[in-house]
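Reader: I am new to reading structures. Please show me how to go about it.

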Amino acid sequence: MLIIKCAACRTKLWRYKKLGQGEVLRCHRDRIDKIWRLDERDGKVWCLCGKAVGIDKGSFIKMNKNAFTCAGTKINT
């Protein structure tokens, strides 16, 4: 499980089940385990500090590469 945090304010956003060893380019909504802070408006996903973290694409969130950090372990498949 990975903890996704805002790069600007370091606030925890959600816990995500990452499959594979690649970068976090998309967060599929069915793999998001727990949400701490999340604001969705205007087709984007925002942190409470006002930084856009990703773009809402329906079943997944396309992540902005420089807007978040992540820590934890990825699941090898």
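**Strands and rings**

Author: Strand β6 (residues 44-46) and strand β7 (residues 52-56) pair in the antiparallel sense over 3 bridges. Lys 44 stands opposite Ile 55 in β7. This is a predicted model: local features need pLDDT of at least 70, side-chain atom pairs need 80 or more, and totals for chains, interfaces and linings use all residues. Residues are numbered from 1 along each chain as its sequence is written, and side-chain values use heavy atoms, without hydrogens and water.

Reader: What makes two strands pair?

Author: Strands of a sheet pair through backbone hydrogen bonds, either parallel or antiparallel. Here, two strands pair if DSSP finds at least two bridges between them. Strands are DSSP runs (E, at least two residues), numbered from the N terminus.

Reader: In which order do the 5 strands of the open sheet come?

Author: The order is β3-β8-β7-β6-β5, with antiparallel pairing. β3 (26-28) and β5 (39-41) stand at the edges with a single partner strand each, so one side of each has no neighbour in the sheet.

Reader: What is the order in the open sheet of 4 strands?

Author: It runs β4-β2-β1-β9, and the pairing is antiparallel. The edge strands β4 (32-35) and β9 (68-72) each pair on one side only. Strand β1 (residues 2-6) pairs with β9 over 5 bridges, in the antiparallel sense. Lys 5 has Thr 69 in β9 as its bridge partner.

Reader: Which charges lie over the face of a Trp?

Author: A charge sits over a ring if NZ of Lys or CZ of Arg is within 6 Å of the ring centre and within 35 degrees of the ring normal. Lys 12 lies over the face of Trp 36, at 5.2 Å from the ring centre. Arg 41 lies over the face of Trp 46, at 4.7 Å.
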